[in-house]
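I opened my notebook for a look through this one, with pockets, strands and charged pairs on my list. Here is what I looked up, in the order I went.

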Amino acid sequence: MIRDLLGRAAVRLGRAGVASPDFDAAELLAHVLGTTRPALALRDEVTPEQVRAYDALVARRAAREPLQHLTGSAPFRYVELAVGPGVFVPRPETELLAGWAVDAARAVAARGRAPVVVDLCTGSGAIALSLAGEVPEAEVHAVELDEEAHRWAVRNLAGSGVDLRHGDMAEAFPDLDGCVDVVVCNPPYIPLDAYESVAPEARDHDPAAALFSGTDGLEALRVLERVAARLLGPSGVVGAEHADVQGESAPAVFVAAGRWCDVRDHPDLAGRPRFLTARLAR
Ligand SMILES: C[S@@+](CC[C@H](N)C(=O)[O-])C[C@H]1O[C@@H](n2cnc3c(N)ncnc32)[C@H](O)[C@@H]1O
């Protein structure tokens, strides 16, 4: 019964162009049955009501609603984020950037000081929440401009100790100028005219403010470069995600500013350029 249900759903999702039909079919069934994907193998009974609920979710996924909107949750490193309409769904590739920020904060802690870390463009709060959980000594600050996304971050960061603020990163944290050890940011970075090439899950369900950034996709990164230079203390470090086609143009923004050293780009697990890091040269 379960195997048939899963098989039919996976075929339907595959025909609709979903990138990982077997995985999504199993995740949705696990969600309906209140279990986990690996534990599905231990179940053999499904009620007619559960089948109806499952069919309805599979239909929505076939219409390219994001899987995470249907389950209401997105895994990110060691945490789960509540997500839905109005907030960017955290992506697995951003876990690498968050891991770099965790390592950078731990390196400061190893020198006997509580690291001060800022997550600009926090969205759901994924990076900030990971930092707070994985580096308990860190003082973590986060900012989000969009009102609806900020509400999701409030929910996800409740009780985490993260100092979450609502506003534009351009003017954020004047009280921390020159005092920050690590700035991390996953900004919007898709060029405006690339709209048609974006997958329906993102184009129709992630907020536009989370995706698009000027004609070359680098507008927010230019703002980030200036904000990071203002916030960081001597030898402070910044890390920022970018599109895979920006492996040269994104680091070039930092090189051209003339105030950074150790400007490096880092690949993701598929070997594609994914995020840059730099150290303030003062
Ligand atoms: C690509 S999403 C990243 C969200 C989250 N950090 C993550 O990695 O899942 C970019 C986020 O930046 C926010 N944003 C865009 N411009 C901003 C600005 N000027 N100041 C603060 N947040 C901004 C968007 O609303 C969106 O939530």
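This is a predicted model: local features need pLDDT of at least 70, side-chain atom pairs count only at pLDDT 80 or more; totals for chains, interfaces and linings use all residues.

I found β3 (residues 116-120) running parallel to β4, with five bridges joining them.

Is β4 mostly covered or open? I checked its six residues, and five of them are buried.

**The second largest pocket**

Next I turned to the second largest pocket, which holds about 550 Å³ of space. I listed 30 lining residues, and the closest to the pocket centre are Cys121, Glu144, Pro188, Ala209 and Ala210. Which elements each supply at least two residues of the lining? I wrote down α6 (126-134), β4 (139-144), α9 (208-211) and α10 (219-231). Sorted by class, the lining comes to 19 nonpolar, seven polar and four charged residues.

**Charged pairs**

Then came the salt bridges, and I counted 20 of them.

- Glutamate 201 pairs with arginine 61, with the closest N and O atoms 2.9 Å apart. This one links distant parts of the chain: glutamate 201 is in helix α8 (residues 200-205) and arginine 61 in helix α3 (residues 48-62), 140 residues apart. Both partners are buried.
- Arginine 151 pairs with glutamate 147, and here the closest N and O atoms are 3.9 Å apart. The two are about one helical turn apart, because they sit four residues from each other in helix α7. I marked glutamate 147 as exposed, since its relative accessible area is 53% and the cut-off is over 50%.
- Aspartate 175 and arginine 165 meet at 2.9 Å, N to O. Aspartate 175 lies in the loop between β5 and β6 (180-185), while arginine 165 is in strand β5, ten residues away. Aspartate 175 counts as partly exposed at 47% relative accessibility, and arginine 165 is partly exposed at 26%.

Last entry: I followed shared partners and found Asp24, Arg61, Arg64 and Glu201 joined into one salt-bridge network.

Technical notes: Residues are numbered from 1 along each chain as its sequence is written. Side-chain values use heavy atoms; hydrogens and water are left out. On a 1 Å grid over the protein atoms alone, a cavity is a set of points where a 1.4 Å probe fits but cannot get out, and a pocket is an open set with protein on both sides within 12 Å along at least five of seven lines; lining residues have an atom within 4 Å of a point. Grid points are joined across faces, edges and corners, and a volume is the space filled by probe spheres set on the points. Ala, Val, Leu, Ile, Met, Phe, Trp, Tyr, Cys and Pro count as nonpolar, Asp, Glu, Lys and Arg as charged, and the others, Gly among them, as polar. Buried means under 20% relative accessible area, exposed over 50%, partly exposed in between (1.4 Å probe, protein chains only). Two strands pair if DSSP finds at least two bridges between them. A salt bridge is a side-chain nitrogen of Lys or Arg within 4 Å of a carboxyl oxygen of Asp or Glu.
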